[in-house]
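Please look at the sequence and the structure together. The paragraphs after them lead from one part to the next.

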Number of protein chains: 2
Amino acid sequence: MKGRTIAVIGGSSAGPAAAAKAKRVNPAAEVTLFEASETVSYGICEAPYAISGLIADESKLVSYTPERLREEKNIAVRTGHYVEKIIPSKKHLVVKDLRGGTSFEHAYTHLVVATGSSPRTLGLPGEKSRNVFHLASREDTVAIMRYCSEASPSSAVIIGGGYIGMEMCEALLRKGLDVTLLHRHSLPMAGLEQETRETVVQELESHGVHFVTNVLVESLYEERGSVRHIATNRGSFEADIVILSLGVAPNVRLARAAKIRMGPTGAIGTDERQQTSADGIYAAGDCSEVRNMITGKPMYLPLATLASRAGWVAGENAAGGREVFKGAIRAMAVKIFDREFAQVGLSSAEARSAGFSVVTDTITAYAKVGIMPGSGKTTIISLYDKSSGKILGANVFGGEGSVLRANTLGVAIQHGLTADAISRLDLIYAPPFAPLWDPILVSANQARKKLK
Amino acid sequence: MKGRTIAVIGGSSAGPAAAAKAKRVNPAAEVTLFEASETVSYGICEAPYAISGLIADESKLVSYTPERLREEKNIAVRTGHYVEKIIPSKKHLVVKDLRGGTSFEHAYTHLVVATGSSPRTLGLPGEKSRNVFHLASREDTVAIMRYCSEASPSSAVIIGGGYIGMEMCEALLRKGLDVTLLHRHSLPMAGLEQETRETVVQELESHGVHFVTNVLVESLYEERGSVRHIATNRGSFEADIVILSLGVAPNVRLARAAKIRMGPTGAIGTDERQQTSADGIYAAGDCSEVRNMITGKPMYLPLATLASRAGWVAGENAAGGREVFKGAIRAMAVKIFDREFAQVGLSSAEARSAGFSVVTDTITAYAKVGIMPGSGKTTIISLYDKSSGKILGANVFGGEGSVLRANTLGVAIQHGLTADAISRLDLIYAPPFAPLWDPILVSANQARKKLK
């Protein structure tokens, strides 16, 4: 284990996790982390709440500064350094110092590729205008906040109805903007079930978001450096600020050029030790695939929790340890105004395409004792495998407690519980928290009958 | 299955559950339910919230009237009927009509004993005074509410620091009374861990409850039908209203007289089909034991959820079905003013006395992303079996989301997950609901290291 020289490319989530873990497992190793920007370890998931003003101090989103990573974790952090090439045969990187402008070689014995993802673009002129933003980095967050405070926009167009689109609708509406959401399909939040997605639309519209469906953006009209008109197949929209939330794509150029194998999703393929096809090279985070624990197949799921977990495993193994990342089920949630929305496990479309015969069950029940003040309802859409009776996935949405109930179902999914086993779970009944029959039990009881 | 004549004794939770299930499974069966009072299916767990006024209409606590049970479920409900004797050899009951005063014989082919529990008493003169109350029935609830509105008490003494004692502290304080809680031990809530119990005390005291420890009540001084002074080893206390919350004992007199076998806890023993030692006689609810799924041993746990589950199973089997109740882990929660408290699984004392070598781990972590507004902390005290690494029990307490997290750990307990498996759970991260590392993961990660 001695004499290891570990290089990590990328300072977002997986990179710092890998570097810190490598150093912890093998303190004798030299660990260098390269990051092209000036920021590492940034909580981009909190950015909508900084933009809305709910989190008053944006700088709190930085969980580690480069200095702290250096001092507390003993990692040689090189921000402003862009890795141009990985040369596996020579075991070195070609790195460009963006401040000095010079390039140099950096030798490694083991490498962790954590190059992350980039926001998808429309591919139209005007996307670089000063009032058009993505939300994928600290630079983006700060730029949106600065633009809002300097230009005082009164209307926003958000293009793309995924998780970030939802959060930005709420954030900008909270700031008093008139918000229009343009989405390419008839319903937002593609991974959720039909009824969940319809409820998302209700929630958006009841709070005043103009939700426009089946939109194909044709052009962004720029005037003096700003986009004011957006031409689409559904007419023209005007906006003082434009947010693009079109999802992300893995940053794989560097790995591809080094002949590292991509997986079926187009992201870097790894084994459960996060090892790539190249000897001594590991990958983790948004640039790489994650194993779906339900199907056993790789999926592309760029989430911060999974990036950190995979980063830990990559770092430990790069440092000489033996750790595995068994994968994920997908566990996601978003608050949209007054409602909670969560998804755990497979969607019905995913389950069917994975070859399962899917039984879907939907219930709506009180999340607390119904006669208690402020008691709201929760809807559970659960998906079961007809042949084994096991739960494959669920959407849980509604009032308070929906998201944390999704986690309980997530454990059931991860450990292969059947509807019968879920219906026998001993769950808490207490008027301020849960009714005599928790919605989870109501759901499983009904599903059990369908599965007979 | 035809020709069954099923009698059910008791109309609280298990009785109506058994009767309804029996009729559903075997519509040809004659099902008669005997209840001494005039109320069936009463939500006694909600009573503190009706007394406090949070639930405005107490009558909503009745989930089924006798009429609805008759009409909707086709059960012959006989309220005001007291069962005096079970005669197993003749397969009949001796029943007294409390209105008419006459007794009669009622033949059965199958019987469900659901005689419930009775509140424990101090065994002192004065307990029947008009301002001294238990909280175990609709009659109790209505009497407390009536007394509060008619006599406008300004001070209360609550004797006994269990779940109901806690809820009554909050209920009466909410009504503006000065509340003193007298407890026989140094800490309330005997089944919880030391730190949890200390936090309960803090929560009570910070809201103005006078919590008096190690109290032995010596006498209740009655004046003109009311108790005004309570003499104890810790001095004398004055009160306009006295609430006794000393726990409950199973009602087993009837079963005992019929030579039905009691279990080691003193409640009626049953197998997992809820069958007692007497042929064709089932028992369910607060009069009977429940199997602890962790130890495999019987326990006494008089909870409404378990009463209903056991009632269903007893009813189904009495009607000719084959159903089992696999038992419970214990899943309980209480809100005490601004904090949530939950217990799942074994306590450390129970675990040790069951022969486990217990590793205890305590963490306190943010329940949402820490920098989000209103983010509170949750403490998880988790108990693991040193040899297997499996989780045996947990206390979860603190801010919002503590109780629902306990359910997630409850599933882990029920399905024998180790600290390592819990640390690998794929849980939701979303700023309004949960931090990057959910407290459950923080807890399991730390425990895993201790268990190595």
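Predicted model: local features only at pLDDT ≥ 70, side-chain atom pairs only at ≥ 80, totals over all residues.

Residues are numbered from 1 along each chain as its sequence is written, chains are lettered from A and ligands numbered from 1 in the order in which they are written, and side-chain values use heavy atoms, with hydrogens and water left out.

The sheet of chain B comes first. Helices (H or I, at least four residues) and strands (E, at least two) are DSSP runs, numbered from the N terminus. In chain B, five strands make up an open sheet with parallel pairing, in the order β3-β2-β1-β7-β18; two strands count as paired if DSSP finds at least two bridges between them. Its edge strands, β3 (76-79) and β18 (281-283) of chain B, each pair on one side only. From one strand to the next, the twist averages 15 degrees. In general, strands of a sheet pair through backbone hydrogen bonds.

Within this sheet, β1(B), residues 5-9, is joined to the parallel strand β2(B), residues 30-35, by five bridges, and B:Ala7 stands opposite B:Thr32. Five of the five residues of β1(B) are buried, that is, under 20% relative accessible area with a 1.4 Å probe, protein chains only. B:Thr5, B:Ala7 and B:Ile9 point one way, whereas B:Ile6 and B:Val8 point the other way. Elsewhere in the sheet, three bridges link β7(B), residues 110-113, to β18(B) in the parallel sense, with B:Leu111 opposite B:Ile281.

Helix α6(A), residues 194-206, belongs to the other chain. Its 13 residues reach 18 Å from the first C-alpha to the last, close to the 18 Å expected at 1.5 Å a residue, where the expected span is 1.5 Å times one less than the number of residues. Among the buried residues of α6(A) are A:Val200, A:Val201 and A:Leu204. Just after this helix, A:Gly208 takes a positive phi of about 95 degrees.

Where do the two chains' α10 helices meet? A:Leu404, A:Arg405, A:Asn407, A:Thr408 and A:Val411 in α10(A) meet B:Leu404, B:Arg405, B:Asn407, B:Thr408 and B:Val411 in α10(B), contact being heavy atoms within 4.5 Å.

Definitions and conventions. Buried < 20%, exposed > 50% of the residue type's maximum accessible area, 1.4 Å probe, protein only. Axes fitted to C-alpha atoms, helices over the stretch in contact; angles between N-to-C directions.
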